[in-house]
Amino acid sequence: MPELARFRALHGPVEERAPAEQATILHVDMDAFFVSVELLERPELVGKAVIVGGGPDQRGVVTSASYEARKFGVHSAMPLRTAGKLCPHAIFLPGHHHKYGEWSDRVAAILGKFSPVVEMVSIDEAYLDLSGTERLHGPPLAATDKLLRMITRETGLPCSGGLASTRLAAKVASEQAKPRGLVWVAPGSEAAFLAPLAVRKIPGIGEVTERALRALGLETVGQLAEVQQEKLEKIFGQWGTALYRKARGGDSYEFVIDAEPKSISHNHTFGEDTNDTEALVSMLSHLSQKACKRLREAGLSTRTLTLTIRYTGFDTYTRAKTLAEPTQLDSEIFAGIQKLFREHRKHKRTIRLLGVALSGLSHGNGQLDLLDAERREKIEKLTRATDSLRDRFGFEAVQFGGSIRHEGANANAGWGLREVKRKEPGCDGDGSSHASRSGETEEPQFDAD
């Protein structure tokens, strides 16, 4: 992951800010990203209903759908079997997450040419701060048009953009611009832009909040904006304060350089529940390697390892282990994860999901054992070479022995289709990793009485 992806945003009191003089916050969102990447190699499918995520008879979810398939009600996170019923003539393709990561990096490199402040919020979307870049790229609106055209010209991938004075308005604007469009929201017009839209268009408002707002007779953002803050806070608590701010197009974010993840994790849901020890251990090896690579990319080491096991029936257990010293080496981290798995696995039960998480992050490689310095140096040299090859040829190009068997045995069984990354509502596809960061307030779960 490029260094530019280490930018993020933090909360800050919106009331203390001076009104923006121009729209400089750009949200770039790739259109049906996973499908678009697949169509680069399958141009004969352009214009057809295409669904990425697996077969219509598989257990799993849609990770991306072409706009032709969306006309039939298919959307991301929908069960594949439901998608098959809604759009039986669709062409279903398996996911190839290593390809999506490679194309995401290419897009990120282009974004970095237009601003030193880029926040990659997921594999297929990013925020840029274009303030101060006028001398290089012209006014923000002209720079945005130039950037979107460059992405499509150099990658062949379609994208959309939203330019506004706040992140929230920019996010909604890019969604309204899809596909292949650009929406500019002039400073001071955020509330008017949002007013006619359904409340569900506001990032963070999901089904629960939508039902509660409709029960109050509030269906559009404009209607929500007319409600007094005190009333919203009485009904929704702290979430009411956020709703009051969001309805007016405001947010409380600012870009902060060199922000770092609090944790790094990778999960995998199996196409079929399994009790195959060899397959389970090889998947843990694969997940550990992916987490370790991201750990090294951030220049960090970990002390706390967490294993997640979800059994058939959705019973989920997490177990953690704290190491004596921080590390970023695959072998040490995988050994700790294996130990947790051996000690806490329930052998008589089949497993639906496995997850590996690294936390307690710190800079550097930790304390070295001087008696074993030469051996560790060789391991670190090998690790650097492995990372370099993966950066060049893709993550799947180099795998340690523990995960090779699983990759081959499950090539056509849904392997890798549901490795989950946190993403804001309304996205086109899932990513394959999760870096825990502070972000926009997400919808709470509550009963709307």
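Q: Buried means under 20% relative accessible area, exposed means over 50%, and partly exposed lies in between (1.4 Å probe, protein chains only); how is K99 to be classed on that scale?

A: K99 has a relative accessibility of 11% and therefore counts as buried. Keep in mind that this is a predicted model, in which local features need pLDDT of at least 70 and side-chain atom pairs count only at pLDDT 80 or more, while totals for chains, interfaces and linings use all residues. Residues are numbered from 1 along each chain as its sequence is written, and side-chain values use heavy atoms, with hydrogens and water left out.

Q: With which residue does K99 form a salt bridge?

A: A salt bridge is a side-chain nitrogen of Lys or Arg within 4 Å of a carboxyl oxygen of Asp or Glu. The partner of K99 is E41, with the closest N and O atoms 3.2 Å apart. Helices (H or I, at least four residues) and strands (E, at least two) are DSSP runs numbered from the N terminus, and this pair links distant parts of the chain, since E41 lies in helix α1 (residues 33–41) and K99 in helix α4 (residues 97–111), 58 residues apart. E41 counts as exposed because its relative accessibility is 54%.

Q: Where do R149 and D145 lie?

A: An α-helix has 3.6 residues a turn, so residues three or four places apart point the same way. R149 and D145 both lie in helix α6 (residues 140–155), four residues apart, or about one turn of the helix, and they form a salt bridge in which the closest N and O atoms are 3.0 Å apart. R149 is exposed at 53% relative accessible area, whereas D145, at 32%, is partly exposed. In total, the structure holds 14 salt bridges, and D29, D31 and K178 are linked in a network of them.

Q: Which residues of α14 are buried?

A: The buried residues of α14 are D330, I333, F334, G336, I337, L340 and F341. They cover an arc of only 160° around the axis (taken from the directions from the helix axis to the C-beta atoms), which puts them on the same side of α14.

Q: Why is α7 described as largely enclosed by the rest of the structure?

A: Nine of the eleven residues of α7 (residues 167–177) are buried, so this helix is largely enclosed. Among these buried residues are R167, K171 and A177.
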